Amino acid sequence: MPSLELEALLTTIPQELAEGNIVELGDFGNFWLKANADGADTADTVRPTQISTLLPRFNAGKEFKKVLETIEFEKA
């Protein structure tokens, strides 16, 4: 069972992303949303329904990347 702190984090990250914020977690990394949308001819014709995909993205931080670089693979 996740700790209360982890549960709060799992609630807070989506809320912050929905508000258009980047969630920075120090050396762990950052979360943000990537949107794809159909274009519009003018700003007046832009509509929320033009958004075709909305995906969460993660960029690993410096320390996280260091750990990933130490992983060794072997043929199973």
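This is a predicted model: local features need pLDDT of at least 70, side-chain atom pairs count only at pLDDT 80 or more; totals for chains, interfaces and linings use all residues.
Residues are numbered from 1 along each chain as its sequence is written, and side-chain values use heavy atoms, with hydrogens and water left out.

Gln-50 sits in the loop between E2 and E3, and it counts as buried because its relative accessibility is 13%; the classes are buried under 20% relative accessible area, exposed over 50%, and partly exposed in between, with a 1.4 Å probe and protein chains only. Setting aside neighbours within four places in sequence, Gln-50 is in contact with Asn-36, Ala-37, Asp-38, Gly-39, Ala-40 and Thr-45, where contact means heavy atoms within 4.5 Å.

Let me turn to the strands. Helices (H or I, at least four residues) and strands (E, at least two) are DSSP runs, numbered from the N terminus, and two strands pair if DSSP finds at least two bridges between them. On that basis there is an open sheet of three strands in the order E1-E2-E3, with antiparallel pairing. Strand E1 (23-24) and strand E3 (51-60) are the edge strands, each pairing on one side only.

Gly-26 counts as exposed, because its relative accessibility is 55%. Its C-alpha atom and that of Asn-36, ten residues apart along the chain, are separated by 27 Å. Helix H1 (residues 4-18) lies across E1 and E2 and runs at about 45° to E2; axes are lines fitted to C-alpha atoms, for helices over the stretch in contact, and angles run from 0 to 180 degrees between N-to-C directions.

Now the aromatic residues. Rings of Phe, Tyr and Trp (its six-membered ring) pair if their centres lie within 6.5 Å; planes under 30 degrees apart count as stacked, over 60 as edge-to-face, and the rest as tilted. By this rule the count comes to four aromatic pairs. In one of them, the ring centres of Phe-28 and Phe-58 are 5.3 Å apart with planes at 50°, so the pair is tilted. This pair links distant parts of the chain, since Phe-28 is in the loop between E1 and E2 and Phe-58 is in strand E3, 30 residues apart. Phe-28 is partly exposed at 41% relative accessibility, as is Phe-58 at 33%. The rings of Phe-31 and Phe-58 have centres 4.8 Å apart and planes at 45°, so this pair too is tilted. Here the link is between strand E2 and strand E3, 27 residues apart, and Phe-31 is partly exposed at 21%. Phe-28, Phe-31, Phe-58 and Phe-64 together form one aromatic cluster.

Last, the charged side chains. Side chains of opposite charge can pair when their charged atoms come close. A salt bridge is a side-chain nitrogen of Lys or Arg within 4 Å of a carboxyl oxygen of Asp or Glu, and a search of the whole structure finds one. Which residues form it? The side chains of Glu-63 and Lys-66 meet at 3.3 Å, N to O. Because they are three residues apart in helix H2 (residues 62-69), Glu-63 and Lys-66 are separated by about one helical turn. Glu-63 is partly exposed at 36% relative accessibility, and Lys-66 is partly exposed at 44%.
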